[in-house]
Amino acid sequence: MKYQRIYNFNPGPAALPLDVLEEIKASFLNYAGAGMSITEISHRSKLFDDIINDAVDRTRRLLNLGADYHVLFLQGGASLQFSMVPMNFLTGDMPADYINTGTWSTKAIKEARILNKPIRVIASSEDRGFSLIPGNIQANADAAYVHLTSNNTIKGTQWPVFPDVGRVPLIADMSSDILSRTLDPAPFGLIYAGAQKNIGPAGVCLVIVRKDMLEQVPDDLPTALKYTTYAASNSLYNTPPCFAIYAVQLVLKWLEETVGGLEQMEALNREKADRLYRIIDQSDFYRGTADKGSRSMMNVTFRLPSEELEQAFVQKALENNIGGLKGHRSVGGCRASIYNAVTLEAVDVLIDFMQTFEKQRG
Ligand SMILES: Cc1ncc(COP(=O)(O)O)c(C=O)c1O
């Protein structure tokens, strides 16, 4: 081993496929024989055009997106989308419906309210500490869109299936489960995802938007805040985050060519999550925090009998080359983020460690 790498369960930025990191390393000083690093080439060059076009094509293939969708790469993270969505799509009196399943949905709601947009929260699991995904969703037929967070990174819950909202377009923050499972794009008017969990480094946000949605975008928005600006320029209105887009392209290539596509990715992700939840369910020492029917395949959240033990667990794990297990600071506890690039081997190493720790301290 040339260098020591840890088993990385970070919530984001998170593990990237080793193959991808190796490829970046190999071509970093001289990309494609250009005599320059990817961080030094022009975003207006053919070299970069090929990168972004390939990333768009691969996203289309992986998600079965038809010609009626744009695939865009924006800046400002998922957080800017909390504002851009209502700015672009809530332009008249028509309200939007929001579903509140945790911190990130709450932030999306807050931003729409700051803009004084008419929104309704039609379902929330706040009264249950966001430990589940609410059922029986009744969207209003007059809604401009229904907004939800597909995977709740902090609380470890995930929509097992998306709610049927009729003809109203769904808008989803898929930051922490994008491209982790197969998807029928048909109900979605827009999907956004900060790259830094499942598809690349921080600095770029994937936005998939159905073309008809763009008809509503008002003229009087600042240019950089209009989806139409990026749709008209293949995301090259201004200098894009070239390196991050390049890394995303390599991750997409890995997903297609090494993993074999989203069905295979989903099966592997399910196996990883099943193995971890099985250990938690068999034990009286570890306690899962999400309701079973709402459990996330990406972020496995759990508690130990005391905060002291949780601290010791995170520390001892690190001594064993296993990192990133501390729960979000707002909720405490422990969390193993097992995004696409986290291997089955890493999950087995974690399980082994959990069983040893329980024997020693349980
Ligand atoms: C579901 C979800 N949405 C949004 C965000 C915020 O993303 P960004 O930091 O790219 O703005 C996060 C970050 O962890 C997240 O998990």
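This briefing walks through the sheets, helices, loops and aromatic rings of one structure. The model is predicted.

- In general, strands of a sheet pair through backbone hydrogen bonds, either parallel or antiparallel.

**Strand 5 and its neighbours**

- Strand 5 covers residues 146–149.
- Strand 3 (residues 96–100) runs parallel to strand 5, and two bridges join them.
- Asp 97 stands opposite Val 146 of strand 5. Tyr 98 has His 147 as its bridge partner in strand 5.
- Strand 8 (residues 170–173) also pairs with strand 5. Here four bridges join the two strands, which run parallel.
- Leu 148 stands opposite Ala 172 of strand 8.
- In a regular strand, side chains alternate between the two faces of the sheet.
- Strand 5 shows two sets of side chains: Val 146 and Leu 148 point one way, while His 147 and Thr 149 point the other way. All four of these residues are buried.

**Helix 6 against helix 7**

- Helix 6 (residues 242–259) packs with helix 7 (residues 262–282) at an angle of about 85°. Their axes are 8 Å apart.
- That angle makes helix 6 roughly perpendicular to helix 7.
- Helix 6 brings Trp 254, Leu 255 and Val 259 to the contact. Helix 7 brings Leu 262, Gln 264 and Met 265.
- Of the residues in this contact, five are nonpolar, one is polar and none is charged.

- Strand 11 pairs with strand 12 (residues 299–303) over two bridges, in the antiparallel sense.
- Gly 288 stands opposite Phe 302 of strand 12.

**Aromatic rings**

- A pair of aromatic rings is described by the distance of the centres and the angle of the planes.
- Tyr 230 and Tyr 237 have ring centres 6.1 Å apart and planes at 85°, so the pair is edge-to-face.
- Tyr 230 counts as buried because its relative accessibility is 8%, under the 20% cut-off. Tyr 237 counts as partly exposed at 38% relative accessibility.
- Phe 285 and Tyr 286 have ring centres 5.0 Å apart and planes at 80°, so this pair is also edge-to-face. Phe 285 and Tyr 286 are buried.
- Phe 285 and Tyr 286 belong to one aromatic cluster, together with Phe 302, Phe 313, Phe 353 and Phe 357. Phe 302 is also the residue of strand 12 that Gly 288 stands opposite.

**Two serines in loops**

- Ser 131 lies in the loop between strand 4 (119–124) and strand 5.
- Ser 131 has a relative accessible area of 13%, so this residue is buried.
- Leaving out residues up to four places away in sequence, Ser 131 touches Thr 157, Thr 289, Ala 290, Asp 291 and Ser 294.
- Ser 42 lies in the loop between helix 1 (18–27) and helix 2.
- Ser 42 has a relative accessible area of 38%, so this residue is partly exposed.
- Ser 42 and Thr 239 are 197 residues apart in sequence. In space they are 8.9 Å apart, C-alpha to C-alpha.

Notes
Residues are numbered from 1 along each chain as its sequence is written. This is a predicted model: local features need pLDDT of at least 70, side-chain atom pairs count only at pLDDT 80 or more; totals for chains, interfaces and linings use all residues. Side-chain values use heavy atoms; hydrogens and water are left out. Buried means under 20% relative accessible area, exposed over 50%, partly exposed in between (1.4 Å probe, protein chains only). Two strands pair if DSSP finds at least two bridges between them. Axes are lines fitted to C-alpha atoms, for helices over the stretch in contact, and angles run from 0 to 180 degrees between N-to-C directions. Angles under 35 degrees count as roughly parallel, over 145 as roughly antiparallel, 65 to 115 as roughly perpendicular and the rest as oblique. Contact means heavy atoms within 4.5 Å. Ala, Val, Leu, Ile, Met, Phe, Trp, Tyr, Cys and Pro count as nonpolar, Asp, Glu, Lys and Arg as charged, and the others, Gly among them, as polar. Rings of Phe, Tyr and Trp (its six-membered ring) pair if their centres lie within 6.5 Å; planes under 30 degrees apart count as stacked, over 60 as edge-to-face and the rest as tilted.
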